[in-house]
Amino acid sequence: MAGPLLILPLFGCAPSFDISSDPANQISVTSVHEESAASPVGAAELLSAGETGSLPLSRPVVATPGSLPFVRSRPKSVPPFPLVLNRAVQAYIDNYLAQPKGLRQSFQRSSTFMPEMISLFQDEGLPPDLVYLAFAESAFSAAGAGPWQLNKTTARRYGLIINPWLDERRDPIKSTRAAAEYLAELHDQTGADWRMTLVAWNNGDGGVYRYLQLATAPYEHLMRRLPRRTRSLMNRFMAVALIARHAKEYGVDGGSWTRARRYRVIAVDGDTSLREVAESNHTSVAVLRRLNPALLGDHSPPGPQSYPIRVPDSSTDAKLVATSS
């Protein structure tokens, strides 16, 4: 779990309520991005989209099995996640905006990694907006089970290493790659329905089958039938995605969100101290911890094999300030 400093500003009030969806107050919001996946949407573009106008409104989109084709190849356009702005989602937005510090910190922590995260999602044929599921899950924390809150079984299933020296669930890029593969698999299993994909994510591979008959149901009916924890996750995710897409309009824009800090990856010998790596790369141990949250100690994992460690790409990036996780 994230530390109290981040959890309280983000989720101190939001999870305590879950307003029933009201058809009269429901607006479906589709993605403003229609670019080909061959031209990945950058973090700055995704975060600042819609800043000059009002929220893009459209008629409700109802997903039916097979209506949203699963896309794996880069040249094809990825269908957007069918975001909905209704009373429940708006209530979560209001709670985030009432305490914006935690949300800003979450986006600042993610800014270094966001461009690559978006690219990984597009490689798997996933809508870029889905990266904000990590914010709904953990406030993009590197503590505990990491941004995506993967359990150990699922994490190891998708190639993440967890041992006394490493917990790669905490690594933003490696865990995002695992999450993207898992979400893509769930998307296939649920008949190419994005909302059912999130239901499966929250209820497990097998748990989703009791809800599949609701795939074509009106959104408000679906939400009434889901477990409270799933409704809350879905609403939090949509709230964060809409705030991020219209950051300036919501008054939570920040310059650090739109500038991805560069890093490079170097191979270090087993059991090498982070202080030694920091000194040789003109940076600090705090920065290395910020860039390599999977490391559980002050050394690279012991053993004969080298281990990849991220270091700032230039002297200016050495000024990167590590934030709390």
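**Briefing: a helix crossing and selected salt bridges**

Helix α3 (residues 87-98) and helix α11 (residues 228-245) have axes that come within 8 Å and cross at roughly 60°. The model is predicted. In the whole structure, a search finds seven salt bridges, among them Arg245 with Asp129, Glu185 with Arg157 and Lys174 with Glu168.

**Crossing of α3 and α11**
- The two helices, α3 and α11, are therefore oblique to each other, and their crossing is right-handed.
- On the α3 side, the contact is made by Ala88, Val89, Tyr92, Ile93, Tyr96 and Leu97.
- On the α11 side, the contact is made by Ser232, Asn235, Arg236, Met238, Ala239, Val240, Leu242 and Ile243.
- Sorted by class, this contact has eleven nonpolar, two polar and one charged residues.

**Salt bridge of Arg245 and Asp129**
- The side chains of Arg245 and Asp129 meet at 2.3 Å, N to O.
- Arg245 belongs to helix α11 and Asp129 to the loop between α5 (114-123) and α6 (133-138), so the pair ties together parts 116 residues apart in sequence.
- Both Arg245 and Asp129 are buried.

**Salt bridge of Glu185 and Arg157**
- The side chains of Glu185 and Arg157 meet at 2.2 Å, N to O.
- Because Glu185 lies in helix α8 (residues 172-189) and Arg157 in helix α7 (residues 152-157), the pair ties together parts 28 residues apart in sequence.
- Glu185 is partly exposed at 24% relative accessibility, and Arg157 is partly exposed at 43%.

**Salt bridge of Lys174 and Glu168**
- The closest N and O atoms of Lys174 and Glu168 are 2.9 Å apart.
- Lys174 is partly exposed, with a relative accessible area of 22%, whereas Glu168 counts as buried at 5%.

Definitions and conventions:
Residues are numbered from 1 along each chain as its sequence is written. This is a predicted model: local features need pLDDT of at least 70, side-chain atom pairs count only at pLDDT 80 or more; totals for chains, interfaces and linings use all residues. Side-chain values use heavy atoms; hydrogens and water are left out. Axes are lines fitted to C-alpha atoms, for helices over the stretch in contact, and angles run from 0 to 180 degrees between N-to-C directions. Helices (H or I, at least four residues) and strands (E, at least two) are DSSP runs, numbered from the N terminus. Angles under 35 degrees count as roughly parallel, over 145 as roughly antiparallel, 65 to 115 as roughly perpendicular and the rest as oblique. A crossing is left-handed if the near helix is turned anticlockwise from the far one by less than a right angle, and right-handed if clockwise. Contact means heavy atoms within 4.5 Å. Ala, Val, Leu, Ile, Met, Phe, Trp, Tyr, Cys and Pro count as nonpolar, Asp, Glu, Lys and Arg as charged, and the others, Gly among them, as polar. A salt bridge is a side-chain nitrogen of Lys or Arg within 4 Å of a carboxyl oxygen of Asp or Glu. Buried means under 20% relative accessible area, exposed over 50%, partly exposed in between (1.4 Å probe, protein chains only).
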